[in-house]
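Have the viewer open while you read.

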Amino acid sequence: LESYLKNNATKHHSAGPVSARNVRRLLSFQRYLHSSRFIRGIPASNPLGYILDDDYTGQAKLMLEKVGNWNFDMFLFDRLTNGNSLVNLTFHLFNSYGLIELFQLDMVKLRRFLVMIQEDYRSLNPYHNAVHAADVTQAMYCYLQEPKLAETMTSCDLLLGLLAAATHDLDHPGVNQPFLIKTNHYLAALYKNSSVLENHHWKSAVGLLRESALLSHLPTEDRSERLGSLILATDISRQNNYLSEFRTHLDKRDLCLTNGRHRHFILQIALKCADICNPCRPWKLSKLWSEKVTEEFFHQGDIERKHHLEVTPLCDRQSNSVANIQIGFMTYVVEPLFVEWSRFSDTRLSQTMMGHLSLNKQGWKEGRDKQEANTSRASEEQRTSAAKDSNSKELPQGSKRS
């Protein structure tokens, strides 16, 4: 590892100035070198610092023992790993599935690749950041553990499924596709206004795979295209197409997971579910994710208003609320998809998710109704107070009533 870092630093130095992104990657990779010193029997230079690091690492490891639990708290895990939830979680899942050994993956390359992924997510985004990617990857793992998938998915399916989950929002700019189109962003032109963000995430992922050379020793086949079709499936504008196809398969009962095409389709549906599963998490986690995604929406609306662009209705903080956005999202996007997933995989997990979805939706409705009632009461009190003030005014001295 020491040799790798030195060679990597030399290579970047000889190539010219090191970019800020590569500096972040190198520092992140050095953190992993430090954390491995105790295992290799090398004493840490700062014993107190190491004890603290080891304590957090221990707690994170305990959490990973329950990584398949639906109430897994990714926010806590991210804090315990010092902001490295995506790297630690994905490495753990690759290892637990035996993918490192099976595909003969170089562990240094794998770590470097995961660090590059994590660093290419924009940490300033309230929602579309590496923690969201880690959360989606954990949800994807939960779905891959479901009996129908666990019994049929191949090692290649697992590899691509986890890679797609980890990279599905790579380098997300924190604004949506319509914003990129109406501002004539170069990505909109590059991808001809079609699945602009998803195409960018896919191509960015392929670029990092090539840069890391993680899979360079394996046959190419159609790996890039399959990865792309998984990531492209997360385009919310294509939701109805996938949902309709899923429904048709379930109605006809013709899904056969020994068929490669059908397995890939189910992987697409699983990733779609993982991407929008926040409303199906326990209230404490679901509420926090809802607030973060709405903060990102409203930030886009603020930018649009500042630059005199038409404000996207969903992003207008003056005419919208977290509750209204979430109730609509749950009703028209999340619920229809998860109802069909429950038909496909009628398990305890599906029942748990649907239960949380119902409770969370009710929670937002009650919160909205309470807020509206308080607002209405405050307005009424204000009107009553104004009326009293008006009636209590005395006529000026010397005035006469008509």
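## Helix 10

In helix 10, the buried residues (under 20% relative accessible area, with exposed over 50% and partly exposed in between, using a 1.4 Å probe and protein chains only) are Asp-157, Leu-158, Leu-159, Leu-160, Gly-161, Leu-162, Leu-163, Ala-164, Ala-165, Ala-166 and Thr-167. That leaves helix 10 mostly covered, with 11 of its 13 residues buried. Helix 10 runs over residues 155–167 and reaches 18 Å from its first C-alpha to its last, close to the 18 Å expected at 1.5 Å a residue. The expected span here is 1.5 Å times one less than the number of residues.

## Ground rules and overall picture

This is a predicted model, where local features need pLDDT of at least 70, side-chain atom pairs count only at pLDDT 80 or more, and totals for chains, interfaces and linings use all residues. Residues are numbered from 1 along each chain as its sequence is written, and side-chain values use heavy atoms, with hydrogens and water left out.

The protein chain has 19 helices and zero strands; these are DSSP runs numbered from the N terminus (helices are H or I, at least four residues; strands are E, at least two). Of its 402 residues, 47% are buried. Take the contacts (heavy atoms within 4.5 Å) between residues at least 6 apart in sequence: 74% of them join residues at least 24 apart.

## Helix 5

Helix 5 covers residues 85–96, and its 12 residues should span 16 Å at 1.5 Å a residue; the end C-alpha atoms are 16 Å apart, which agrees. Its buried residues are Ser-85, Leu-86, Val-87, Leu-89, Thr-90, Phe-91, Leu-93 and Phe-94. After helix 5 comes Gly-98, with a positive phi near 75°.

## Helices 14 and 16

How do helix 14 and helix 16 pack? Helix 14 (residues 223–232) meets helix 16 (residues 260–275) at an angle of about 40°, and their axes are 8 Å apart. Axes are lines fitted to C-alpha atoms over the stretch in contact, with angles from 0 to 180 degrees between N-to-C directions.

On the helix 14 side, the contact is made by Arg-226, Ser-229, Leu-230 and Ile-231, while helix 16 brings His-264, Leu-267, Gln-268 and Leu-271.

## Ser-350

Ser-350 sits in helix 19 (residues 348–392) and is buried, at 1% relative accessible area. Leaving out residues up to four places away in sequence, Ser-350 touches Glu-146, Trp-341, Ser-342 and Ser-345. Glu-146 and Ser-350 are 204 residues apart in sequence, yet 9.6 Å apart in space, C-alpha to C-alpha.
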